[in-house]
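Reader: I am new to this structure and would like a close look at a single part of it. Please take one residue and its surroundings, and go through them step by step.

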Amino acid sequence: MVCFLVFLCSFGVAQSSNGDAKNSPAQQGSSQGVVARGKYIVEDLAVCSQCHTPRDAQGELDRNRWLEGAPLWLQSARPTQDWPLQAPRIAGNPPGTDAEMIKLLTTGIWRDGKPLRPPMPQFRMTAPDAQAVLAYLKTLSPVD
C-alpha cells in the first residue's frame, strides 16, 4: 500500500520588510534559506519525486530528469474516474502561475477551481512553506 505524507507545516520563513535590502548579504542568505526549506519540503516531506520524476530501467528515480514529469506508476485499488496517467513537470517552470501554485499548495485547489485528483495529496501548506517550495522548484533546470 502506498502512503502519502500529507502534512501541515507551521514553521514561518523569515522575510525582510526592507525593500532596499534585496541584494544585501542578509537577504541573499535569507533567499538561500527559503530555497533550502523548499528543497527539504519537496524532497524529504512531500516526496514529490515519487510521482514527478521518471524512473530508469531498474526502477530507480532518474536524478538527471528530477521532477520533470513522469508516467504515473500508481494505480487505484478501485476504478476511479479521471485517474491521471501522467504526473506533470514541476521542475523549473511549474505548470501554473506563482499565484496558482501557491493557491494549489495552500488549499489543494487548482486553477479550474477543483481539488486535485488522487493520488495527489491535498496539501494545506502555510503560505511561507508554499513560497519556499515554489522558490526551490524554480531553481531546477526548466524543461520545455
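Author: A residue counts as buried when its relative accessible area is under 20%, and as exposed when that area is over 50%. The model is a predicted one, and in it Gly108 has a relative accessible area of 0%, so this glycine is buried. If its neighbours within four places in sequence are left aside, Gly108 is in contact with Lys103, Lys114, Pro115, Leu116, Gln122, Phe123 and Arg124. Met120 stands 12 residues from Gly108 along the chain, and the C-alpha atoms of these two residues are separated by 9.2 Å.

The crossing of helix 3 and helix 4 is right-handed. On the side of helix 3, the contact is made by Asp98, Met101, Ile102, Leu105 and Thr106, while helix 4 brings Ala127, Ala130, Gln131, Val133, Leu134 and Lys138 to it.

Elsewhere in the model, the charged end of Arg63 sits over the ring of Trp66, at 3.8 Å from its centre, and Arg55 lies over the face of Trp73, 5.0 Å from the ring centre.

Notes:
Residues numbered from 1 in each chain as written. Predicted model: local features only at pLDDT ≥ 70, side-chain atom pairs only at ≥ 80, totals over all residues. Heavy atoms only, no water. Buried < 20%, exposed > 50% of the residue type's maximum accessible area, 1.4 Å probe, protein only. Contact = heavy atoms within 4.5 Å. Lys NZ or Arg CZ within 6 Å of the ring centre and 35° of its normal. Left-handed = near helix turned anticlockwise from the far one by under 90°. Helix = DSSP H or I, 4+ residues; strand = E, 2+ residues; numbered from the N terminus.
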